[in-house]
Amino acid sequence: MSSLAQQRISPAPRPSPPPAALPEWESLCVFRETFLVWLTPPGAADALRYVGNLFFDLMLNADDWPASEESPVRGELQGAARDLRFLQGYLATIGQADASGLDAVDARLSRLAEPISRAVGELAERIERELEAWRMEGVS
Amino acid sequence: MHELAQKSNPPTPPPSPPAGLAVSPPIIKPERFEDFMTFRETFLVYFPDAKANGRMRGFGHLLFEMVLETWGQWPDHPEGIFPNELRAAVADMRHVQGAMSSWCGPAFSGSSEYEIRLSRVGADVALAIGELAGRLEVELDSWQGRPS
């Protein structure tokens, strides 16, 4: 990172990823934490979180944009189901890590990730079934 | 480390579709999660215009490519990348939990029978994903005390 860019990014005010407290979800709406975890220079991840919130505010205030044809809850749950599929794949990759390259604690975490990946996939499927029922039944 | 970071050769984003068409979130095959690394789908769903949605996805690909090109020069996480990847997954699970709890909780105002049913499923899934995140957090917290 250039020294100029480093000067413009303030020191990290908190660890990354941030504590997974529920009230925080609204300030983490744009970038995946599984993406931001790669940004290790102090303050870099927080800078993108800040920019993300700016994106989100701009988007929410764009009244003239075309509206989705989906009902809000249906569209949002479609997005959530896709994010769960993403997490299923991400956790499965952690669960399939080569145990020979991990210490004992990381190996235990890896073993736990695999069944949780499957469970996350089942939750995504549950939402997808409901969404598909809407399409099949043509309910309004 | 996931495969995409290892090979540092991410796929080219698809061309932007024409403007004016509405899009739904794409099907994400879990094994292809690396194609969707940057933005949450619960964010991109607010870009129903196909061209705008495609451009945001293209920007996300570009940003991730730039990070992949550079991250090797950045400092390592003190506790290693592995537990931090899991902590990040927990944070993303908590995000889904929080979002669905909000959309499908007491403030939900849908009136059709189908939407009410859908919101109940969303609320149930929010609880379940929270329990799964909690299981990972317990393991990660117990890890914090290990000798380095």
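User: What makes chain A and chain B count as being in contact in this model?

Analyst: In this predicted model, two residues are in contact if their C-beta atoms lie within 7 Å. By that criterion, 63 residues of chain A are in contact with 69 residues of chain B. On chain A, the side that touches chain B draws at least two residues from each of helix H2 (33-36), helix H3 (44-60), helix H4 (72-95) and helix H5 (104-137). H4(A) gives the most, with 21 residues.

User: How many residues on that side of chain A are nonpolar, polar and charged?

Analyst: The residues of chain A that touch chain B comprise 40 nonpolar, 12 polar and 11 charged.

User: What is the pattern of chain B along its sequence?

Analyst: The pattern is α-α-α-α-α, as chain B has 5 helices and 0 strands.

User: How do you know that the span of helix H3 of chain B agrees with what a helix should have?

Analyst: The expected span is 1.5 Å times one less than the number of residues. For the 21 residues of H3(B), residues 50-70, this gives 30 Å, and the end C-alpha atoms are 30 Å apart, so the two agree.

User: Which residues of H3(B) are called buried, and why are they placed on the same side of the helix?

Analyst: A residue is buried if 20 or more other C-beta atoms lie within 10 Å of its own. In H3(B), Asn53(B), Gly54(B), Met56(B), Arg57(B), Gly60(B), His61(B) and Phe64(B) are buried. These residues cover an arc of only 160 degrees around the axis, and therefore lie on the same side of H3(B). They pack against H2 of chain A and helix H2 (41-44) of chain B. The face turned away from the buried side carries the exposed residues Met66(B) and Glu69(B).

User: Why is helix H4 of chain B described as largely enclosed?

Analyst: Of the 24 residues of H4(B), 21 are buried, so this helix is largely enclosed by the rest of the structure.

User: What makes a set of residues a nonpolar core, and which members of the largest one touch the most others?

Analyst: Such a core consists of buried residues of the nonpolar kinds Ala, Val, Leu, Ile, Met, Phe, Trp, Tyr and Cys, joined through C-beta atoms within 7 Å. The largest has 63 residues, among which Val120(A) and Ile129(B) touch the most other members. H4(B) gives the most to this core, with 12 residues. Leaving aside residues up to four places away in sequence, Ile129(B) touches Val120(A), Leu123(A), Met93(B), Val96(B) and Gln97(B).

Methods. Residues are numbered from 1 along each chain as its sequence is written. Chains are lettered from A and ligands numbered from 1 in the order in which they are written. This is a predicted model: local features need pLDDT of at least 70, side-chain atom pairs count only at pLDDT 80 or more; totals for chains, interfaces and linings use all residues. Helices (H or I, at least four residues) and strands (E, at least two) are DSSP runs, numbered from the N terminus. Ala, Val, Leu, Ile, Met, Phe, Trp, Tyr, Cys and Pro count as nonpolar, Asp, Glu, Lys and Arg as charged, and the others, Gly among them, as polar. A residue is buried if 20 or more other C-beta atoms lie within 10 Å of its own, exposed if 12 or fewer, and partly exposed in between; C-beta atoms are placed from the backbone. The arc is that of the directions from the helix axis to the C-beta atoms.
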